[in-house]
Amino acid sequence: MTSNDTRTTTDTSSWDAPAPGHISLGGNPGTDENRDRVGSVVTERAVVSAPDASAATPEALLPAAADHLALFQDVEGEDLRAWADARSLADEVLPRINDWWDRGEYPIELVARLGELDLLTDGLDVPGHRTLSPLATGLVNMELSRIDGSVGTMVGVQGGLALRSIMLLGSEEQKQRWGDSLATGAEHAAFALTEPDHGSDSVSLETVARRDGDEWVLTGEKRWIGNGAGCHLSVVWARIDDAADPALHGQVSGFLVDQSLPGYEAEVIRGKVALRAIHQAHITLDEVRVGLDQRLPGARSFKDTSRVLFATRAGVAWGALGHAIACYEAALEHAQNRIQFGRPLAKAQHVQVRLSDMLQTLTSMQLYCRRLADLEAAGTIRPEQASLAKVHNTRAAREIASNARDLLGGSGILLENRVIRHRSDIEALHTYEGTDTMQSLIVGRSITGTSAFA
């Protein structure tokens, strides 16, 4: 590509351009007619039913069989409305998500749809938009992931990471430029922190922002960046090289980088078997130049970066809960309806014991999440508490999903029954926003007073 080309790279030589609003790299979509198909992986053979998209009461949104301790039956007011708004997307997403997932296609127009419902703010105070309480923020994360993990991740990337970076650490001008645009989904943004050689040790990132007169020059690579290709903005985290400013020199800061700038190259990572309906990119920054006003002034060290990461960690615990609920409900429904040896599976003692075990695990996840929301609302939540919940809930979600897949038998590996999609997506949650090991070490440091990171 020449230096004047837009630096987002895709190979579309073997198939027609995707429909407007989609980014499609998962194979050969074929004809326009096939591109809109749903029958290939969403069929009448499904053994689990879709959730009621019109549900608007706690009992309808989360029946007693999945809320055994009635932990969410008291949700009301704006919290309940936000929860119901998230559920309303079920009718729009579920008939097509398996096909998008199967083809690795990113229906990016859903970001704008989430913006229409005002679900992208992730609890942030953005002028002109509703400010969700910690409970409502969690319920939205839960419900969207209960529908599909890629949709939940859209909020996590756009609102939880990119928008949060700007609203917490940006200048007033930056907030005015990007706040409403990202909250409505009119433009799409990425959070570019992780690097090929620095995942868990992201504090050691090697991407450099060198001061050159009235510009910053960014050089380095980023990996696993949601919305990093084919979108508008990347919040790039880099180590500052500016000997004239000793306070910033060597520290990590955030930079607002237009993805169309010369030197910005992004390739969608292919071959994923999780979160296939949203794209992550490998980004190469080759002397990308941005103005001095494109640095986030509140980002003066990695501690400021951690403020953003900490705020999203609780959201992962809620997302894991949503996946687990979907899997548990599918297993329960299948057990009640599947006839084997002349009786429903649910009449078998070992099946009832397994469902009871799944419910116990699910209830523990709900208790973690509800307590996190209470702590955050009181302003007393600590990072290690969010870490504990993240570790517990992603482990628990994996357990429930595996049990559900087994209880569904052969039906459990079909996308049309949703469990296998959730089971695969949970693997991404288990790793991102801090791996199981790293979060456990954060908790370990808290309870022992000794760091084992180095």
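Which residues of the largest nonpolar core touch the most other members? In this predicted model, where local features need pLDDT of at least 70, side-chain atom pairs count only at pLDDT 80 or more, and totals for chains, interfaces and linings use all residues, they are Phe-72, Trp-83, Trp-318, Leu-321, Leu-362 and Met-365, out of 51 residues in that core. Residues are numbered from 1 along each chain as its sequence is written, and side-chain values use heavy atoms, with hydrogens and water left out.

Confidence comes next. The mean pLDDT (the predictor's confidence in each residue, from 0 to 100) is 90 for the protein, with 89% of its residues at 70 or more. Over residues 1-20, though, the pLDDT is below 50, and this stretch has 33 contacts (heavy atoms within 4.5 Å) in the model beyond near neighbours in sequence. Residues 25-35 also have a pLDDT below 50, with 30 contacts beyond near neighbours in sequence. Where pLDDT is low, the predicted coordinates should not be read in detail.

As for the overall fold, the secondary structure comes to 13 helices and twelve strands; these are DSSP runs numbered from the N terminus, helices being H or I with at least four residues and strands being E with at least two. Of the 454 residues, 54% count as buried, where buried means under 20% relative accessible area, exposed means over 50%, and partly exposed is in between (1.4 Å probe, protein chains only). Among contacts with a separation of 6 or more, 76% are between residues 24 or more positions apart. The protein exposes about 18,800 Å², and carbon and sulfur atoms supply 50% of that; the areas come from the Shrake-Rupley method with a 1.4 Å probe, and for residues only the protein chains shown count as cover.

Back to the core, then. A nonpolar core here is a set of buried Ala, Val, Leu, Ile, Met, Phe, Trp, Tyr and Cys residues joined through side-chain atoms within 4.5 Å. In the largest one, two or more residues come from each of α3 (77-87), α6 (134-147), α9 (302-337), α10 (349-378), α11 (383-407) and α12 (419-431). Helix α9 supplies the largest share, 14 residues. Met-365 touches Ala-320, Leu-321, Ala-324, His-392, Asn-393, Ala-396, Ala-397 and Ile-400, leaving aside residues up to four places away in sequence. There is also a second, separate core of 31 residues, including Leu-94, Leu-110, Met-154 and Val-155. In soluble globular proteins, nonpolar side chains tend to be buried together.

Helix α9 also holds Gly-322, which is buried at 0% relative accessibility. With residues up to four places away in sequence not counted, Gly-322 touches Met-142, Ser-145 and Arg-146.

What is the volume of the largest pocket? It comes to about 1,400 Å³. On a 1 Å grid over the protein atoms alone, a pocket is an open set of points with protein on both sides within 12 Å along at least five of seven lines, whereas a cavity is a set of points where a 1.4 Å probe fits but cannot get out; lining residues have an atom within 4 Å of a point. Grid points are joined across faces, edges and corners, and the volume is the space filled by probe spheres set on the points. The lining takes in 50 residues, with Leu-309, Thr-431, Tyr-432, Glu-433 and Gly-434 nearest the pocket centre. Two or more lining residues come from each of α6, α7 (149-169), β6 (215-226), α9, α12 and α13 (436-448). Helix α9 gives the most to this lining, with ten residues.

Leu-408 sits between α11 and α12 and is buried, with a relative accessible area of 3%. Leu-408 and Ala-331 are 77 residues apart in sequence and 6.4 Å apart in space, C-alpha to C-alpha. Not counting residues up to four places away in sequence, Leu-408 touches Val-47, Val-48, Ala-330, Ala-331, His-334, Asn-417 and Val-419. Arg-418 is also in the loop between α11 and α12; its phi is positive, about 70 degrees, although it is not a glycine, and it counts as buried at 15% relative accessibility. Leu-275, in the loop between β9 (264-268) and β10 (280-291), has a positive phi near 45 degrees. Most residues other than glycine have a negative phi.
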